[in-house]
Amino acid sequence: MNRTRRLVLTTTLTTTLLTGAVAAAAAAPSPTLTATASVTTVGAWQEFRVTGKATGIKPGAQVTLQQKQGKKWVSLPASAPVNKTATYSLRVKLGIKGKNTLRMTGSGAISPEFTVTVR
C-alpha cells in the first residue's frame with residue numbers, strides 16, 4: 001500500500017472513530033437531581049423530609065444534602081442512596097434559624113436550590 005493511500009485510510013478511520021465517540025457522548029444522558037422539602041417552615045431541630053428523583057445516577061449511589069453558609073456550600077451529614085426507581089428520600093433536622101438555602105449533590109449532579117425557614 002502506498003504512503004498516500006495509508007494516510008487517507010488512517011485519516012478516514014480516525015474521523016469515523018472520533019465521530020462515533022462524540023455521538024456516544026452526546027447520547028449518554030448527564031446525571032440530574034431534583035429535590036423537594038416536605039415543608040417550607042420548620043421549628044429548630046424538627047425533622048422533615050427531602051425527596052427527589054435522580055436521573056442518570058446508578059441505584060445505590062449516595063446523594064448528599066448541602067447547605068449554603070455564607071458564599072460556600074457545605075455538605076451536611078445527611079445522605080441517602082438512590083433506589084431502584086431512581087428516587088431518594090432522607091430525613092433532615094436543621095438548627096440554624098432563619099432562611100436555609102439547600103441543594104442535593106451526587107454523581108456529578110447538583111439539584112436546583114430550595115429553601116427551608118427554621119423558626
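This is a predicted model: local features need pLDDT of at least 70, side-chain atom pairs count only at pLDDT 80 or more; totals for chains, interfaces and linings use all residues.

Visitor: How many helices and strands in the protein chain?

Guide: It has 1 helix and 10 strands. The order along the sequence is α-β-β-β-β-β-β-β-β-β-β.

Visitor: What share of the 119 residues is buried?

Guide: Buried residues account for 31%.

Visitor: Which residues have the most contacts inside the largest nonpolar core?

Guide: Val50, Leu65, Leu90 and Met104, in a core of 25 residues. Two or more core residues come from each of β4, β5, β6, β7, β8 and β10.

Visitor: What does Leu90 touch, beyond its sequence neighbours within four places?

Guide: Leu90 contacts Phe48, Arg49, Val50, Leu65, Ala78, Ser79, Ala80 and Met104. Leu90 is on the covered face of β7, with Tyr88 and Val92.

Visitor: And which residues are on the uncovered face of β7?

Guide: Thr87, Ser89, Arg91 and Lys93. In a regular strand, side chains alternate between the two faces of the sheet.

Visitor: Is the pairing of β4 and β7 parallel or antiparallel?

Guide: Antiparallel, over 7 bridges. Within β7, Ser89 has Thr51 opposite.

Visitor: New topic. Where does Thr105 lie?

Guide: In strand β8, residues 98-106.

Visitor: Why does Thr105 count as buried?

Guide: Because its relative accessibility is 15%, and buried means under 20%.

Visitor: What does Thr105 touch, leaving out residues up to four places away?

Guide: Leu33, Gln62, Val63, Thr64, Gln66 and Ile110.

How values were computed:
Residues are numbered from 1 along each chain as its sequence is written. Side-chain values use heavy atoms; hydrogens and water are left out. Helices (H or I, at least four residues) and strands (E, at least two) are DSSP runs, numbered from the N terminus. Buried means under 20% relative accessible area, exposed over 50%, partly exposed in between (1.4 Å probe, protein chains only). Contact means heavy atoms within 4.5 Å. A nonpolar core is a set of buried Ala, Val, Leu, Ile, Met, Phe, Trp, Tyr and Cys residues joined through side-chain atoms within 4.5 Å. Two strands pair if DSSP finds at least two bridges between them.
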